[in-house]
Amino acid sequence: MKHEWKKNEKQYYLPKTKPEYIEIPKMSFFVIDGSGNPNDDFFSEYIGILYSLSYAVKMSPKKNLAPDGYYDYTVYPLEGVWSLTAEGQAAFNGILDKNQLAFSLMIRQPDFVSDEFAGEIITRTKKNKPHRLLEDVRFSAIDEGKCVQMLHRGPYDDEPESFKLMESFSEENGLKRLSKNHREIYLSDARKTDPQNLKTVLRFSVE
């Protein structure tokens with residue numbers, strides 16, 4: 001049976017439109033770091049690299065490359081961890097300059113993907129679909145642990161209102177936000193979706 005994250009892992013990817021506490025287990029991702037304005041043209045190249053690797057994993061049986069334990073699944077959504085560059089933090093005056101954003105974009109991989117297999121996928125993709133950004137991709141296990149999350153509906157620029165709700169929820173429940181970094185999980189394709197209809201999971205770590 002095909003593993004579908006929308007059905008089998010709703011707790012991580014389909015939260016309600018109000019803040020909630022959750023503990024996220026360790027998961028493995030293809031990750032690439034960068035900085036700059038996500039509205040600029042370069043940003044789509046980073047996304048394309050991650051999807052090329054993710055679909056190489058999914059389609060590996062057709063190349064007779066499937067690893068032990070392979071099962072059919074739906075490719076996981078794009079995620080991003082966002083912060084400000086050192087320069088951006090120093091110059092921050094309450095108004096966000098998107099040119100000073102730093103990001104780690106990533107796509108989760110199924111549990112059967114090992115470090116070795118991920119390395120093979122990256123090597124083969126470099127050969128079959130060469131791109132300079134492939135040199136910057138890494139395969140990493142990430143343990144988010146204790147978090148507060150919610151589903152944000154609407155434009156990305158309206159996210160600060162949702163973060164205020166999340167921070168209030170944290171204070172009311174004796175939780176402390178660990179940093180200003182936050183994670184976004186993109187459930188909508190911004191290229192094809194009206195900004196008012198965008199769905200994005202927002203999440204930050206707490207203790």
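Predicted model: local features only at pLDDT ≥ 70, side-chain atom pairs only at ≥ 80, totals over all residues.

Trainee: Okay, what order do the strands of the open sheet have?

Mentor: The order is 1-6-8-7-3-4-2-5, eight strands in an open sheet with antiparallel pairing.

Trainee: And which strands stand at the edges?

Mentor: Strand 1 (20-24) and strand 5 (138-142) do. Each has a single partner strand, so one side of each has no neighbour in the sheet.

Trainee: By how many degrees are neighbouring strands turned against each other?

Mentor: On average 35°, with direction ignored.

Trainee: What packs on the sheet?

Mentor: Helix 3, residues 43-58, does. The helix touches strand 2 (27-35), strand 3 (78-84) and strand 4 (101-109), and its direction makes about 15° with that of strand 4.

Trainee: Let's go pair by pair. How many bridges join strand 2 to strand 5, and how many join strand 2 to strand 4?

Mentor: Strand 2 has five bridges to strand 5 and eight to strand 4, running antiparallel to strand 5 and to strand 4. For landmarks, Phe 30 stands opposite Phe 139 in strand 5, and Ser 35 has Ala 102 in strand 4 as its bridge partner.

Trainee: Then strand 3: is it largely enclosed or open?

Mentor: Largely enclosed by the rest of the structure, because five of its seven residues are buried. Strand 3 is antiparallel to strand 4 over seven bridges, and antiparallel to strand 7 over four. Ser 83 sits opposite Ala 102 in strand 4, while Gly 80 is bridged to Glu 184 in strand 7.

Trainee: What about strand 6 and strand 8, how do they pair?

Mentor: Antiparallel, over seven bridges, with strand 6 covering residues 145-153 and strand 8 covering 199-205. Leu 151 has Val 201 in strand 8 as its bridge partner.

Trainee: Switching topic: how much space lies in the largest pocket?

Mentor: About 1,600 Å³. Lining that pocket are 40 residues, and the closest to its centre are Trp 82, Tyr 156, Glu 159, Glu 184 and Tyr 186.

Trainee: Which elements each supply at least two residues of the lining?

Mentor: Helix 1, helix 3, strand 3, helix 6 (159-172) and strand 7 (182-186).

Trainee: I've been looking at His 182. Where does that residue lie, and is it buried or exposed?

Mentor: His 182 is in strand 7, and it counts as buried because its relative accessibility is 13%, where the cut-off is under 20%. Its side chain makes a polar contact with the side chain of Glu 184 at 2.9 Å.

Trainee: What else is His 182 in contact with, leaving aside neighbours within four places in sequence?

Mentor: Gly 80, Val 81, Trp 82, Glu 159, Phe 163, Arg 177, Arg 203 and Phe 204. Two of the pocket-centre names turn up there again, Trp 82 and Glu 159.

Trainee: Over to Glu 9, then. Where does it lie?

Mentor: In the loop between helix 1 (5-8) and helix 2 (10-13). Glu 9 is buried at 7% relative accessibility.

Trainee: And which side chain does Glu 9 join in a polar contact?

Mentor: That of His 3, at 3.0 Å. Glu 9 also touches Glu 4, Tyr 76 and Arg 108, not counting residues up to four places away in sequence.

Trainee: What's in the loop between helix 3 and strand 3?

Mentor: Tyr 70 is one of its residues. Tyr 70 counts as partly exposed, at 22% relative accessibility. Its side chain reaches the backbone oxygen of Lys 58 at 2.5 Å. Leaving out residues up to four places away in sequence, Tyr 70 touches Val 57, Lys 58, Ser 60, Pro 61 and Phe 112.

Trainee: How far apart are the C-alpha atoms of Tyr 70 and Asp 40?

Mentor: They are separated by 37 Å, with the residues 30 apart along the chain.

Trainee: Last one, Asn 64: what is its phi?

Mentor: Near 55°, a positive value in a residue other than glycine. Most residues other than glycine have a negative phi. Asn 64 is in the loop between helix 3 and strand 3, and it is exposed, with a relative accessible area of 73%.

Definitions and conventions: Residues numbered from 1 in each chain as written. Heavy atoms only, no water. Buried < 20%, exposed > 50% of the residue type's maximum accessible area, 1.4 Å probe, protein only. Polar contact = N/O pair within 3.5 Å; in protein donor to acceptor, adjacent residues only side chain to side chain. Contact = heavy atoms within 4.5 Å. Pairing = 2+ DSSP bridges. Axes fitted to C-alpha atoms, helices over the stretch in contact; angles between N-to-C directions. 1 Å grid on protein atoms, 1.4 Å probe; cavity = no way out; pocket = protein on both sides within 12 Å on 5 of 7 lines; lining within 4 Å. Points joined across faces, edges and corners; volume = space filled by probe spheres on them.
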